[in-house]
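Here is a short briefing for a reader who is meeting this protein for the first time. Please look over the sequence and the structure, and then follow the points below, which move from the whole chain to one part of its surface.

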Amino acid sequence: MLRHEFRPGKLVAGLFLAATGVVFAGDASGLWETPWFAVVPLVVGGMCLAGATAALDRAIRGRGGIERD
């Protein structure tokens, strides 16, 4: 049994934020050069894609939650 409901929008957001961290960790360790403004398309693009994923998930699954009388 699952402990919580799967939220794909949060997964996508986490993956893009982790990718941003990896890109800047590689820059900090000297493996490659990353311009400082590279964070903008990674984070903003990831958040837009996460929002679209969450909206699609909600459209497919419906509102969900507890129904009250």
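Accessible areas come from the Shrake-Rupley method with a 1.4 Å probe. By that method the protein, which is shown here as a predicted model, exposes about 5800 Å², and carbon and sulfur atoms supply 67% of this area.

**Overall build**
- The secondary structure of the protein consists of two helices and zero strands.
- Of the 69 residues in the protein, 16% count as buried.

**The loop and its aromatic pair**
- Trp36 has its place in the loop between helix H1, which covers residues 8-29, and helix H2, which covers residues 39-61.
- A search of the whole structure finds one aromatic pair, and this pair is formed by Trp36 and Phe37, with 5.6 Å from centre to centre.
- The planes of Trp36 and Phe37 are 90° apart, and the pair counts as edge-to-face because this angle is over 60 degrees.

- Trp36 counts as exposed because its relative accessibility of 69% is over the 50% cut-off.
- Phe37, at 47% relative accessibility, counts as partly exposed, because this value lies between the cut-offs of 20% and 50%.

How values were computed. Residues are numbered from 1 along each chain as its sequence is written. This is a predicted model: local features need pLDDT of at least 70, side-chain atom pairs count only at pLDDT 80 or more; totals for chains, interfaces and linings use all residues. Side-chain values use heavy atoms; hydrogens and water are left out. Rings of Phe, Tyr and Trp (its six-membered ring) pair if their centres lie within 6.5 Å; planes under 30 degrees apart count as stacked, over 60 as edge-to-face and the rest as tilted. Buried means under 20% relative accessible area, exposed over 50%, partly exposed in between (1.4 Å probe, protein chains only). Helices (H or I, at least four residues) and strands (E, at least two) are DSSP runs, numbered from the N terminus.
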